[in-house]
Amino acid sequence: MSERHPLIRALIVDLDGTLIDPSEEVSARVKEAVERLARRIPVSIATGRESRQTVEYANHVGLTSPQICDGGARIVDPSNGQILWFSPLDPANAERVVSYLHRHGVEFIATYPADSVRSFDQINGWDVVRVSALDMTESTANAVAAELSGDGDMQVIKVYLPYNDLWAVDFTCLGVDKGTAATQLMSMLGAGVEDAVAAGDSYNDLPLLKVCGSRIVMGDAPEELKALADYIAPSAEEDGLAQAIEEFILPRLEAEAAIDAG
């Protein structure tokens, strides 16, 4: 465990397997804990999901700060879905990825600034923010990631999907991931990313965990993530995020408040 004790100015939390459990629900205990925390500091979701779903979950738990979606390629305002920041794929890379997935019969989502499509016939130009190859076995996901990593000119991250026990591969602009978006987000909030707590459970959370000053990792996460943790929480099915807020974040905030008052 880390000995560092940076200030806490925000929580940036993964969605699947962290905020929500495999049933894709936010438990009552987690909802209460997040709402309580959000009254004191900004709380932002950071997910590979599209903006519409991100905004829906943010609104469900009362979040008003900017939210990260599309694997870190976009930051949106949860009040209206307005794009606050985004970094698109190179059009040639978008075409290469989507064409490969179409040829090999792999399901995908291609996200545009204004909407998203799920079939090759719906593609309307290559001004794509992010592509996600979906619902694969881990071996297929490994093969897709290896084939399309190519010259290393894209960010390619494998993602576990707890809601169906399958895997996805996210393709974003090179250097664009949850960590990049977290840095942008904290700048919007007038603070440094070292003042944020990250919470996550999967490989696409590694960039987020690495840049944030404090790290919560769920108990069913891979060992590579646990090695970075300042606090290891129970799984999402056991309301782990609520426990982390109650036992790790809120006491730190109380201690900071006491120091400021003294």
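How many residues lie between β9 and β10 in their hairpin, and which turn residue has a positive phi?

**Entry 1: ground rules**

I began with the conventions: this is a predicted model, in which local features need pLDDT of at least 70, side-chain atom pairs count only at pLDDT 80 or more, and totals for chains, interfaces and linings use all residues. Residues are numbered from 1 along each chain as its sequence is written, and side-chain values use heavy atoms, with hydrogens and water left out. Helices (H or I, at least four residues) and strands (E, at least two) are DSSP runs, numbered from the N terminus.

**Entry 2: the hairpin**

Back to my opening question: four residues lie between β9 and β10, and Asp165 in the turn has a positive phi of about 60 degrees. I noted that Asp165 is a residue other than glycine. I then checked its cover, where buried means under 20% relative accessible area, exposed over 50% and partly exposed in between (1.4 Å probe, protein chains only). Asp165 counts as exposed, at 53% relative accessibility.

Next I followed the two strands themselves. β9 covers residues 154–161, and six of its eight residues are buried. β10 covers residues 166–173 and runs antiparallel to β9, with eight bridges joining the two. If you want a spot to look at, find Lys158, which stands opposite Val169 in β10.

**Entry 3: the sheet around it**

Which strands make up the open sheet, and in what order? I found five, in the order β7-β6-β8-β10-β9, with antiparallel pairing. The edge strands are β7 and β9, each of which pairs on one side only. Here two strands pair if DSSP finds at least two bridges between them. As a reminder to myself, strands of a sheet pair through backbone hydrogen bonds, either parallel or antiparallel.

Inside the sheet I looked up β6 and β8 (residues 130–136), which pair in the antiparallel sense over four bridges. Ile109 has Ser132 in β8 as its bridge partner.

Two helices also pack on this sheet. Helix α3 touches β6, β8, β9 and β10, and its direction makes about 20 degrees with that of β8. Helix α4 touches β8, β9 and β10, and its direction makes about 175 degrees with that of β9. For these notes, contact means heavy atoms within 4.5 Å. Axes are lines fitted to C-alpha atoms, for helices over the stretch in contact, and angles run from 0 to 180 degrees between N-to-C directions.

**Entry 4: α3 against α4**

The crossing is right-handed. A crossing is left-handed if the near helix is turned anticlockwise from the far one by less than a right angle, and right-handed if clockwise.

I listed the contact: Arg96, Val97, Tyr100 and Leu101 come from α3, and Val144, Glu147 and Leu148 from α4. These divide into five nonpolar, no polar and two charged residues. In that count, Ala, Val, Leu, Ile, Met, Phe, Trp, Tyr, Cys and Pro are nonpolar, Asp, Glu, Lys and Arg are charged, and the others, Gly among them, are polar.

**Entry 5: α1 against α8**

I turned to another helix pair. α1 (residues 28–38) and α8 pack at an angle of about 20 degrees, with their axes 9 Å apart. They are therefore roughly parallel to each other, and their crossing is left-handed. Among the contact residues are Val30 and Leu37 of α1 and Ile245 and Leu253 of α8. The contact as a whole has ten nonpolar, one polar and three charged residues.

I picked out Gln243 in α8 (residues 240–261). Gln243 touches Arg29, Tyr231, Pro234 and Phe248, leaving aside residues up to four places away in sequence.

**Entry 6: two loop residues**

Is Tyr112 buried or exposed? I found Tyr112 in the loop between β6 (108–111) and β7 (116–117), and it is buried, with a relative accessible area of 6%. The residues that Tyr112 touches include Arg74, Ile123 and Val129.

Last, I looked at Asp70, in the loop between β3 (67–69) and β4 (74–76). Its phi is positive, near 55 degrees. Asp70 is buried, at 0% relative accessible area.

Terms used: Angles under 35 degrees count as roughly parallel, over 145 as roughly antiparallel, 65 to 115 as roughly perpendicular and the rest as oblique.
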